[in-house]
Amino acid sequence: MIKKFIVIAFLAVLLPAKADALVVRHYFTAFVGLFNASTAEFEYNLQPKNYAVRATVRTYGTFGFLYPFEADYFTGGRIDGDKMVTENYHYTSQSRFNRRSKVMVYKNGVPVYAVSTKNEREKKKEITLPADGKDTTNLQSVLAAIARQYAELGFCDSRVAVFDGKKRFDVIFRDEGQENLKANEYSPFAGAAAKCSMYIDKLGAEGDDLLWQLSSDRPVYFWILKDRESDAPFIARVKIDDTPLGELNVYTTKIEVTK
């Protein structure tokens, strides 16, 4: 379960440079409690008519030895006016004993069915998704939308409906003012940063996913700075105050911006 905290913390840090044709790549390192637990790379591609997000997350060091895990995520679609319409989503993951993959198939931006596998020798499962997916998007596309909003308007406040293939919920972003960040041994980035939060409104639903439960009470906080050379806004830090293994902190170690 703690691997899911690392994934959602990293997914919360996708932010493009501007709302036109640019690609931004982030490099991260994450600490959970006393563990330097994970590393990640993200590439965010925002074009005038389409978008794509690619992410790789892997556990690291002692934590990686105890809980080996690596996952690759991709989502993409078209931009239709103010709407970001998801057209494809897939991921693969490898833990110590299992390899999993999932593809969600969309029709006019609505998830229709999913194809999932667990290990190569097991039969693929095709699942017809419930109608709850109408007028929703997936988590990565939400982050693409809030990133586009921040790049254009300069604020985080937003509420977006999400369907993950099982549950429908709202992801809520809020502006939390400004704070001064200091550079440290993990990140060279410092300065006056905009602070935002992200958390989940379960809409009265219940479930056995601990991450989903805790995220409704413990927001993911993130801090936005601007790159000095390109003036591109990017996420410098991410924090979850409490997880089963302690506080989670994510630091941006490097960014790359290309046009």
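A contact here means heavy atoms within 4.5 Å. With that in hand, I opened this predicted model and started my notes.

**Entry 1: the whole chain**

I looked up the contacts with a separation of 6 or more, and 51% of them in the protein chain join residues 24 or more positions apart. For secondary structure, I noted four helices and 14 strands. I then checked burial: the chain has 259 residues, and 51% of them are buried. The accessible surface came out at about 13,000 Å². Carbon and sulfur atoms hold 48% of that surface.

**Entry 2: the second largest pocket**

Next I turned to the second largest pocket, with a volume of about 580 Å³. I found 23 residues in its lining. Nearest the pocket centre lie D82, K83, M84, A145 and V160. Which elements give two or more residues to this lining? My notes list β5 (83–95), α3 (139–153) and β9 (158–163). Helix α3 provides the largest share, eight residues. I also sorted the lining of this pocket by class and got nine nonpolar, eight polar and six charged residues.

**Entry 3: a look at D170**

I picked out D170 and found it in strand β10, which covers residues 168–181. Is D170 buried or exposed? D170 counts as buried because its relative accessibility is 13%, and the cut-off for buried is under 20%. I then asked which side chain D170 makes a polar contact with. The partner is the side chain of R159, at 2.7 Å from that of D170.

Methods
Residues are numbered from 1 along each chain as its sequence is written. This is a predicted model: local features need pLDDT of at least 70, side-chain atom pairs count only at pLDDT 80 or more; totals for chains, interfaces and linings use all residues. Side-chain values use heavy atoms; hydrogens and water are left out. On a 1 Å grid over the protein atoms alone, a cavity is a set of points where a 1.4 Å probe fits but cannot get out, and a pocket is an open set with protein on both sides within 12 Å along at least five of seven lines; lining residues have an atom within 4 Å of a point. Grid points are joined across faces, edges and corners, and a volume is the space filled by probe spheres set on the points. Ala, Val, Leu, Ile, Met, Phe, Trp, Tyr, Cys and Pro count as nonpolar, Asp, Glu, Lys and Arg as charged, and the others, Gly among them, as polar. Buried means under 20% relative accessible area, exposed over 50%, partly exposed in between (1.4 Å probe, protein chains only). Accessible areas come from the Shrake-Rupley method with a 1.4 Å probe; for residues, only the protein chains shown count as cover. A polar contact is a pair of N or O atoms within 3.5 Å; within protein, one must be able to donate a hydrogen and the other to accept it, and residues adjacent in sequence count only if both atoms are side-chain atoms.
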